[in-house]
Amino acid sequence: MRCCHARRRRVVRALFLIAAAAACGSTSTTTPTTPAQDVRRPRVLMLTATAGFRHEAIDTARLVMPGLVASTGAFTVTMTEDLEVLQAATLSTYDVLMFALTSGDLALRPDQKQALLDFVRGGGGFIGVHSATDTLYGWPEYGDMLGAYFKEHPWTRQATVIVENTTHPATAGLGASFAITDEFYTFRENPRPRVQTLLSLDAASVGATGDYPLAWVREYGRGRVYYNALGHFAATWSDPRFQRQISGAIAWAGAGAASGN
């Protein structure tokens, strides 16, 4: 009988050890999971108001931007031509203000001008496209913020664009250069000393000499400013390479708004 009891105790003890080992093994291989953080998408306010030349590409731009939202899900966009949105209370609900193909002396009140500058200085993003530099010549603070004012467009043809920064979100994936047909701007003063140039014109490709920055970024207060001189034609807005630049610029400028840098 003592032998049977001893065997029974050994079996019970063996079963206990097996169960304990299994329990320990289960605990050691379980990894707690953490829900993914909800990253807010940049909220873009896109203004296409004009008081001078009106680009036919505006209609395409207003189609392309919602399409980018749908295809990337990376940002939201509100499009308007109502200058009344340029008020502190309205701007505070957005992360990025975009002047797309604006032109001329837009009729902004002093309080609206101050609201725009305060928005960017306070950490908001500003994106200017093509004729955003052909806008508000009578307001020097705007030109200072953006980096330059338009002078002329001596070349409307296919040309080579040099990618000077291949790692910035607005230019990543473009390669060292690319050819595109557009209306190429020059500026009243070369912005290079005041900005970080992303794209420049290969002057030899248009039979010229000189330095012609086309796209750049800069900090303004705590805000981030991006400008791209391309975008004259509807075909440019429909070009995936240009769309990549705009999407990248929004991500960059919007990130500055979110972080306050």
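Two strands count as paired if DSSP finds at least two bridges between them. In this predicted model, strand S5 (residues 150–163) and strand S7 (residues 196–201) are joined by three bridges and run antiparallel. Ten bridges join S5 to strand S6 (residues 177–187), again in an antiparallel arrangement. Isoleucine 162 takes part in both pairings. Its bridge partner in S7 is serine 200, and in S6 it stands opposite serine 177.

These strands belong to an open sheet of nine strands with mixed pairing. The order is S2-S1-S3-S4-S9-S8-S7-S5-S6. Strand S2 (76–80) and S6 form the edges, each pairing on one side only. From one strand to the next, the twist averages 25°. Strands of a sheet pair through backbone hydrogen bonds, either parallel or antiparallel. The parallel kind is seen between strand S1 (residues 43–47) and S3, which share four bridges. There, methionine 46 stands opposite methionine 98 in S3.

Helices pack on this sheet. H2 touches S1, S2 and S3, and its direction makes about 165° with that of S2. H4 lies across S3, S4, strand S8 (213–220) and strand S9 (223–228). The angle between H4 and S3 is about 125°.

The largest nonpolar core holds 79 residues. Within this core, Met98, Phe99, Phe126, Tyr142 and Trp237 touch the most other members. Helix H2 (residues 57–72) supplies the largest share, seven residues. In soluble globular proteins, nonpolar side chains tend to be buried together. Beyond its neighbours within four places in sequence, phenylalanine 99 contacts a set of residues including Leu47, Leu86, Leu116, Phe126, Val129 and Tyr142.

Aromatic pairs number twelve. Phenylalanine 126 and tyrosine 142 form one of them, edge-to-face, with 6.1 Å centre to centre and 85° between the planes. Phenylalanine 126 lies in strand S4 and tyrosine 142 in helix H5, so the pair ties together parts that are 16 residues apart in sequence. Elsewhere, ring pairs link Phe150, Tyr185, Phe187, Trp216 and Tyr227 into a cluster.

Most residues other than glycine have a negative phi. Leucine 101, not a glycine, has a positive phi of about 60°. Leucine 101 sits in the loop between strand S3 (96–100) and helix H4 (110–121). Its relative accessible area is 0%, so leucine 101 is buried. Histidine 130 also has a positive phi, about 50°, although it is not a glycine. Histidine 130 is placed in the loop between strand S4 (125–129) and helix H5 (140–146). With 0% relative accessibility, histidine 130 counts as buried.

The loop between S5 and S6 contains asparagine 165. Buried means under 20% relative accessible area. Asparagine 165 has 14% relative accessibility and therefore counts as buried. Its side chain reaches the backbone nitrogen of threonine 167 at 3.0 Å. Leaving aside neighbours within four places in sequence, asparagine 165 is in contact with Thr171, Gln196, Thr197 and Leu198.

Methods:
Residues numbered from 1 in each chain as written. Predicted model: local features only at pLDDT ≥ 70, side-chain atom pairs only at ≥ 80, totals over all residues. Heavy atoms only, no water. Helix = DSSP H or I, 4+ residues; strand = E, 2+ residues; numbered from the N terminus. Buried < 20%, exposed > 50% of the residue type's maximum accessible area, 1.4 Å probe, protein only. Polar contact = N/O pair within 3.5 Å; in protein donor to acceptor, adjacent residues only side chain to side chain. Contact = heavy atoms within 4.5 Å. Core = buried A, V, L, I, M, F, W, Y, C linked by side-chain atoms within 4.5 Å. Phe/Tyr/Trp six-rings, centres within 6.5 Å; stacked < 30°, edge-to-face > 60°. Axes fitted to C-alpha atoms, helices over the stretch in contact; angles between N-to-C directions.
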